[in-house]
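Subject: Handing over the structure

Hello,

I am passing this structure on to you, and my notes follow below it. Please have a look at it first, then read on.

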Amino acid sequence: MIAKLFAVSFALLLSGVACAAERCGDVSSPDGQLRVRIALDDAGAPRYAIERQGRPVLLDSKLGLVRDDADFTSGLRFLGVEPVRVVVDEYEILTAKRRRNRYEANEAVFHYAESGGRLLDVVFRVSRDGVAFRYRFPETDATTHEIKTEATSFRLLPATRAWLQPMSVAKTGWEKSNPSYEEYYEKDVEVGKPSPTGAGWVFPALFRTTAFEEGDTWVLLSETGLGRTYCGCRLGSESPGGEYAIAFADPREAFPGGPANPTSSLPWATPWRVIVVGSLATVTESMLGVDLADPPAEPAAAADLPGKSSWSWVLLKDDHTVFDVQKQFIDYARDMHWKYCLVDADWDRKIGEEKLAELVRYGRDKNVKIIVWYNSAGSWNTTPYTPRDKMLSHESRVAEFEKLKAIGVAGLKIDFFGGDGQSMIAYYHEILEDAAPYGLAINFHGATLPRGWQRTYPHLMTMESIRGMEFITFEQANADQAPSHNALLPFTRNVFDPMDYTPTALDRVPNIRRRTTAGHELALAVLFTSGIQHYAEIPAGMVKAPDFVQEFLRQVPAVWDDVKFLAGEPGKFVVLARRCGERWYVAGINGEPTPRSIALPLGELGVPRAGTMTVIADGPVEAEGPSFREERVSLGERPWETTLPPHGGFVGVVRARTNP
């Protein structure tokens with residue numbers, strides 16, 4: 001009955017608001033499963049709505065912006081819509097969950113004018129996995145304009161549930177270093193719940209509609225294609241009636257002297273608003289946030305940059321960022337066949353440039369490259385770590401990059417950014433553009449969400465933007481939340497963008513009782529994607545692991561060809577399969593404190609019916625050190641059944657029937 005009422009209300013929306021052909025239009029996906037209807041209401045306010053398989057997904061939602069010289073939220077005239085055209089894009093990317101991608105969508109551009117004659121285009125694209133739209137000001141005007149507000153909203157159906165991360169308040173936290181996308185998600189909450197911080201909700205935001213007998217429809221909201229002329233956006237704190245609205249950055253989240261709100265001359269285009277729609281598998285496997293990102297300005301020159309890295313700081317902290325310890329971690333990376341060793345904060349004071357050059361030479365002899373840490377900070381926070389302030393201007397950046405290139409450093413980890421204001425977003429772009437000619441791999445920490453930048457800048461390997469492993473080392477409360485937190489991230493933060501969680505502490509975390517099992521930790525090496533995967537485990541812990549575990553971490557790929565969702569529920573459990581070449585790597589974790597039995601349809605991976613899979617799973621709970629067991633399981637026509645222990649996990653490796 002509820003489903004029928006929703007269908008009727010959606011039909012009324014389409015026929016009432018959008019009845020006049022001169023004021024409306026619609027666009028469908030190539031397979032006809034999704035449709036978006038765009039219309040002007042009687043007040044000249046633009047609206048849109050989305051349906052899947054003839055059923056509503058988003059109800060009547062708002063479009064439009066307010067510019068400093070024009071209001072594009074009401075009183076608009078519809079000037080027409082361009083004929084629907086097919087958009088096809090094929091590309092390769094090494095820092096995402098699928099290497100080779102084909103994006104196909106139907107696009108329609110709707111033209112409007114406000115009362116003063118100023119023009120606005122709304123570009124809609126509908127693909128098999130979702131809807132995206134952006135605003136475009138097509139006129140030419142050298143005057144710098146400011147967007148005051150954006151009216152865009154997303155009105156979810158009643159009875160929808162949400163998985164949302166609160167935005168942290170600017171200038172709060174350690175040394176005033178917020179915001180940095182490091183709050184815990186609110187899980188499975190009712191839509192309309194206000195953000196507990198009052199600062200809104202970050203992207204990506206996940207929703208589940210359970211109103212229909214046919215099964216759940218999932219919606220993931222995000223943005224991509226964020227250029228230097230817009231701020232990073234979020235969802236507003238309040239969502240009355242389940243209607244979430246775009247909100248801009250806090251005015252304090254700006255580069256000193258620069259704007260927080262979007263500013264630009266014309267023509268001008270906004271980022272894409274991304275709405276993934278479909279099953280949970282559709283959301284988990286979608287590349288829409290990367291498909292719509294700006295392609296590289298030049299052909300990618302970073303094919304040799306993805307890899308794996310050793311890292312001392314996360315478990316050993318500040319006192320071990322010294323020359324002798326870093327030599328040991330270079331040796332560790334060599335023994336593990338990892339490409340990199342990360343030398344973290346204060347290296348300039350504790351090691352120095354001359355000894356850093358010696359470390360680089362030492363690493364080169366062992367086929368290990370060095371990444372070094374930098375503090376991005378100007379006056380926006382009071383973090384004490386150094387090198388500090390070297391990134392603030394083009395001149396100082398280039399001087400530093402020249403020096404590092406001469407030494408032979410391979411990349412930079414740059415930390416403690418100041419939020420999402422337009423000028424701070426421009427700062428990210430400026431660093432990436434200046435680093436590109438030097439071939440430096442870049443990793444941003446204490447940072448915003450990448451929003452597809454890894455495609456635009458192929459040397460951007462990863463970004464933190466998550467409450468990762470380091471928080472577990474700080475206090476027990478973080479370790480207590482880790483199992484459920486980890487089981488949510490493949491559906492949210494890590495759906496599109498690389499995530500430097502720094503996973504996989506197999507043995508012990510000093511002064512903390514770890515809640516995840518060793519098998520759970522091993523599985524994170526496959527479940528979490530990052531262009532450079534920095535492993536938390538240190539040499540003393542790794543030697544306690546069985547040889548077959550160490551060999552797995554030597555061989556696990558750094559670049560993935562494909563991904564398949566096999567089972568899961570956000571925050572409760574997840575099983576994914578990732579392919580590299582002919583091998584599928586299956587990984588699963590349990591986010592709950594009770595055992596979970598699962599049946600996995602491995603036949604979907606194209607594996608031989610009579611094939612076998614090598615599985616590494618949790619061993620006896622009473623064992624000393626990291627406890628694992630290895631077994632070979634036979635695969636038949638029926639799904640493979642196994643049981644995940646409380647907070648446990650596993651990995652499996654199986655060869656596909658044929659080379660995909």
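A residue is called buried here if its relative accessible area is under 20%, exposed if over 50%, and partly exposed in between, using a 1.4 Å probe and protein chains only. Helices (H or I, at least four residues) and strands (E, at least two) are DSSP runs, numbered from the N terminus.

Before the findings, a word on where they come from. This is a predicted model, in which local features need pLDDT of at least 70 and side-chain atom pairs count only at pLDDT 80 or more, while totals for chains, interfaces and linings use all residues. Residues are numbered from 1 along each chain as its sequence is written, and side-chain values use heavy atoms, with hydrogens and water left out.

Let me start with strand β20, residues 272-278. Seven of its seven residues are buried, so the strand is mostly covered. Trp272, Val274, Val276 and Gly278 point one way from β20, whereas Arg273, Ile275 and Val277 point the other way, and all are buried.

Which strands does β20 pair with? Two strands pair if DSSP finds at least two bridges between them. Strand β16 (residues 217-224) runs antiparallel to β20 and is joined to it by seven bridges; here Leu220 has Val276 as its bridge partner. Strand β11 (residues 130-150) also pairs with β20 in the antiparallel sense, over four bridges, and Gly130 stands opposite Val276.

Elsewhere there is an open sheet of seven strands with antiparallel pairing, in the order β1-β2-β3-β4-β12-β18-β17. The edges are β1 (24-28) and β17 (234-235); each has a single partner strand, so one side of each is left without a neighbour in the sheet. Within this sheet, β2 (residues 34-40) and β3 (residues 46-52) pair antiparallel over seven bridges, with Ile50 in β3 as the bridge partner of Val36.

Now to the helices. Two packed helices are described by the angle between their axes and the distance between the axes. The axes are lines fitted to C-alpha atoms, for helices over the stretch in contact, and angles run from 0 to 180 degrees between N-to-C directions.

The axes of α5 (residues 323-335) and α7 (residues 352-365) come within 10 Å and cross at roughly 20°. That makes α5 roughly parallel to α7 (angles under 35 degrees count as roughly parallel, over 145 as roughly antiparallel, 65 to 115 as roughly perpendicular and the rest as oblique). Phe323, Gln326, Lys327, Ile330 and Asp331 of α5 meet Lys355, Glu358, Leu359, Tyr362 and Gly363 of α7, where contact means heavy atoms within 4.5 Å. These contact residues divide into four nonpolar, two polar and four charged. (Ala, Val, Leu, Ile, Met, Phe, Trp, Tyr, Cys and Pro count as nonpolar, Asp, Glu, Lys and Arg as charged, and the others, Gly among them, as polar.)

Helices α13 (residues 518-527) and α15 (residues 547-555) pack at about 15°, with axes 11 Å apart. They are therefore roughly parallel. Leu522, Ala525 and Val526 of α13 make the contact with Val549, Phe552 and Leu553 of α15, and these residues divide into six nonpolar, no polar and no charged.

Finally, Ala567 lies in strand β28 (residues 562-569) and is buried, with a relative accessible area of 13%.

Best wishes
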